[in-house]
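Good morning, everyone, and thank you for coming.

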Amino acid sequence: MACGQQPARLAAYMDGELTAAEAQGVEEHVRGCSECALEIAALARLRRGLLAARGRYLPDPALKKRIQQQIAKPTRRTGVWLWLMPATVGLAVVAVLLAMVWTQRSVSSQGFGEVADLHVSDLASANPVDVVSTDRHTVKPWFAGRIPFTFNVPEFGGSEYTLMGGRVAYLDQQPGAQLIVGLRQHKISVLIFRETAEMARVFPAAVTVRQRDPFNVATWQTGELRFVVIGDADAAGIEKLVGMMKQANP
Amino acid sequence: MDPANFEPMAMPLFDQLYNFAHWLTGNGVDADDLVQETYARALRGFGSFEAGTNLRAWMYRILRNTFLTSRSGLAAQKTMNLDDDDAGAVQEWTVHAVTPERLMLQQENRQLMLDALESLSAGDREILLLCEVEEMSYREIAQVLAVPAGTVMSRLSRARTRLRQALSATAPGKAV
């Protein structure tokens, strides 16, 4: 400019970028300089004109919403957890159920393990039976006074089963009856105990024949009595004996 | 900063960032992409944003850097010398002979002003928008453009000059 004033300095004055002392200097100069006064006026008009560019382009609300959702993700971390909560709870429930089933299995394993031990120890014993008899009318009375309950022995005559005898067995510190029944080359134990809370815990209420290596085993409860049939006979052989025991002890 | 603070702090800037993005890119499709990418980058980098510093300048800077590395931004740099500090092309003395902007504004012809702004290089346009539309201080503008504060004053002055030249060109018959 002819006066020597820098246009950029005038603009800086308009932009409020000068110190108070500098601004005062510019104002004093402009009062006496028409060229600079015109420049200031032109800058002011330019500014006003450029306001047209403000808000000239408006975003699509859908875009705004989309971006808002994108950036809101971290803040909704808790929301994510809320969303995950049912899954977490579900997993926890499944874990608890699995634990319960596993515990139940191990408990029942414990129960079946004990009767299996009884069966095996009996087979290994030099005296597998205390009462040697094929006659149920001999065996049943023998138990009287030895065990705190009575039960019925089915009639094996005419069947493929042979009653070999019986003895007193102990399960859960309770005396019970153990009948040894032969089926061809197989020996099967029929264990009868008074049902206790512990037995109710370790045995399912009723289980049809199931494989428990190397034995097949079945258990059920009738009244106050718990029956367990275990042996190395096949499932059908065990099942048939179970049927006979059930029929005799409805 | 905690990313949880990002949305409430950054979303109020959305409309003006979008406007700025549209002016930079020159079209709505690229502006959409630019703003979206800007917010995504800002969110990723929000951990390094220092509380108490200027979020607006920080966001504009991200938007600008995003633009510069975008396809349209690279094209703009090739043809428009976005970061050109060469003042040789501007002859400031020509400006004062005519004041067509006065005439146009008297006619309230916004469109001519907008057209003139559109015709500028992206570099001139952005600094004018930051100063006049966003009303940023030179210091803020320096942060956005990542240049020394002293550079802002001279670059802004040149941009204003070129805008006035563009106005003269779009309304030659009305030049005073």
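Let me begin with a term: a residue is called buried if 20 or more other C-beta atoms lie within 10 Å of its own. Please also keep in mind that what you see is a predicted model.

With that term in hand, look at helix α8 of chain B, which spans residues 122–133 and is mostly covered, since 12 of its 12 residues are buried. Among these buried residues are Asp124(B), Arg125(B) and Glu126(B), as well as Ile127(B), Leu130(B) and Cys131(B). The helix is followed by Glu135(B), whose phi is positive, near 55°.

In soluble globular proteins, nonpolar side chains tend to be buried together. Here the largest nonpolar core has 62 residues, and those with the most contacts inside it include Ala21(B), Met59(B) and Ile141(B). Helix α4 of chain B, residues 55–69, gives this core its largest share, namely 8 residues. Apart from that core lies another one, of 37 residues, with Val153(A), Ile188(A), Ala233(A) and Leu241(A) among them.

Coming back to Ile141(B), and not counting residues up to four places away in sequence, we find that Ile141(B) touches Ile127(B), Leu130(B), Cys131(B), Met136(B) and Val152(B).

Finally, in chain A, strand β4, residues 186–194, holds Ser189(A). Is Ser189(A) buried or exposed? Ser189(A) is buried, because 25 other C-beta atoms lie within 10 Å. Leaving aside neighbours within four places in sequence, its contacts include Leu118(A), His119(A) and Ile230(A). Ser189(A) also lies 9.1 Å from Ala116(A), C-alpha to C-alpha, although the two are 73 residues apart in sequence.

Key
Residues are numbered from 1 along each chain as its sequence is written. Chains are lettered from A and ligands numbered from 1 in the order in which they are written. This is a predicted model: local features need pLDDT of at least 70, side-chain atom pairs count only at pLDDT 80 or more; totals for chains, interfaces and linings use all residues. A nonpolar core is a set of buried Ala, Val, Leu, Ile, Met, Phe, Trp, Tyr and Cys residues joined through C-beta atoms within 7 Å. Helices (H or I, at least four residues) and strands (E, at least two) are DSSP runs, numbered from the N terminus. Two residues are in contact if their C-beta atoms, placed from the backbone, lie within 7 Å.
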